[in-house]
Amino acid sequence: MIARARLIGVVALLIAGATGLISSTQTWLLVSLTDGAAEPLAVAGASAVVLLAPLSLTALALGTALSIVGRILRPVFGVIGAALGIALAVLTAPIAFNAPVSAVAAEVAAVTGIRGDSAIAELVAGITATAWPAITLVAAVLMAAAGIWVLATARRWPEGGKRYQSERVGRRRSGEPLDAIDSWDDLSRGGDPTT
């Protein structure tokens with residue numbers, strides 16, 4: 001199971017981030033106005049939760065970087081992943097369970113030109129949520145769970161192995177003579193190639 005722990009963490013973060021990013025472009029809320037408009041006003045996820053796309057993009061980047069990061073940064077990435085998921089869940093849950101007028105205020109103000117919370121609340125006759133807020137809430141929980149999973153298992157993940165090391169490291173250990181590139185690499189690391 002530990003051999004697949006990295007894969008599980010990376011894939012879960014990527015799925016959660018991609019779902020959140022897709023969700024930011026979808027219609028989350030349909031707003032009926034008291035002005036008698038025949039069509040309800042559609043509010044996208046990025047308008048309902050302004051931080052939806054940035055948090056989702058961060059989760060995608062985190063999942064991608066987690067696939068190559070070293071042992072020291074893995075727990076840090078786990079904490080960041082869990083924090084991203086918790087933040088997204090806190091922002092999404094109110095809309096998924098009972099959409100507040102504040103989630104549609106920017107769109108209503110843009111369409112009607114009316115500003116002010118009380119004026120917009122009087123103008124909104126009803127708000128209907130689509131499935132996207134609930135889907136995003138599930139993605140946020142998955143994101144938080146992936147971060148906790150990474151945090152719990154990261155220290156036991158296998159290292160990248162020899163496929164990521166150059167042949168020169170093996171030559172240095174075996175006592176073979178070093179060439180100019182090996183000497184330059186030693187200087188770059190602060191070593192003395194003449195010893």
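**Close-up A. The side chain of T64 reaches the backbone oxygen of L60, at 2.9 Å.** The structure is a predicted model, in which local features need pLDDT of at least 70, side-chain atom pairs count only at pLDDT 80 or more, and totals for chains, interfaces and linings use all residues. Residues are numbered from 1 along each chain as its sequence is written, and side-chain values use heavy atoms, with hydrogens and water left out. A polar contact is a pair of N or O atoms within 3.5 Å; within protein, one must be able to donate a hydrogen and the other to accept it, and residues adjacent in sequence count only if both atoms are side-chain atoms. T64 belongs to helix 3; helices (H or I, at least four residues) and strands (E, at least two) are DSSP runs, numbered from the N terminus. T64 counts as partly exposed because its relative accessible area is 48%; buried means under 20% relative accessible area, exposed over 50%, and partly exposed in between, for a 1.4 Å probe and protein chains only. Although T64 and L13 are 51 residues apart along the chain, their C-alpha atoms are separated by 8.5 Å.

**Close-up B. S56 is a buried residue, with a relative accessible area of 0%.** S56 also lies in helix 3. A polar atom of its side chain is 3.4 Å from the backbone nitrogen of L21. Leaving aside residues up to four places away in sequence, S56 touches G17, G20 and L21, where contact means heavy atoms within 4.5 Å.

**Close-up C. Helix 1 packs its buried residues against strand 1, helix 2 (45-48), helix 3, helix 4 and helix 7.** The buried residues of helix 1 are A5, R6, G9, V10, A12, L13, A16, G17, G20 and S23. An α-helix has 3.6 residues a turn, so residues three or four places apart point the same way. Why does R6 count as buried? R6 does so because its relative accessibility is 18%. Not counting residues up to four places away in sequence, R6 touches L66, S67, I68, V69, R74, W157 and P158.

**Close-up D. An open sheet of three strands has the order 2-1-3 and antiparallel pairing.** The edge strands, each pairing on one side only, are strand 2 (41-44) and strand 3 (124-129). From one strand to the next, the twist averages 25°. Two strands pair if DSSP finds at least two bridges between them. Strand 1 (residues 27-33) is antiparallel to strand 3, with five bridges, and four bridges join strand 1 to strand 2. Helix 5 (residues 105-112) lies across strand 1, strand 2 and strand 3, at about 135° to strand 2; axes are lines fitted to C-alpha atoms, for helices over the stretch in contact, and angles run from 0 to 180 degrees between N-to-C directions.

**Close-up E. The largest nonpolar core has 41 residues, of which L29, V31, L66 and V108 touch the most other members.** A nonpolar core is a set of buried Ala, Val, Leu, Ile, Met, Phe, Trp, Tyr and Cys residues joined through side-chain atoms within 4.5 Å. Elements that give two or more residues to this core include strand 1, strand 2, helix 5, helix 6 (117-123) and helix 7 (132-153). Which element gives the most to this core? Helix 4 does, with six residues. In soluble globular proteins, nonpolar side chains tend to be buried together. Not counting residues up to four places away in sequence, L66 touches R6, G9, V10, L13, R74, F77, V150 and W157.

**Close-up F. The whole chain, shown for context, has nine helices and three strands.** Along the sequence, these follow the pattern α-β-β-α-α-α-α-α-β-α-α-α. Of the 195 residues in the chain, 34% are buried. Among contacts in the chain with a separation of 6 or more, 71% are between residues 24 or more positions apart.
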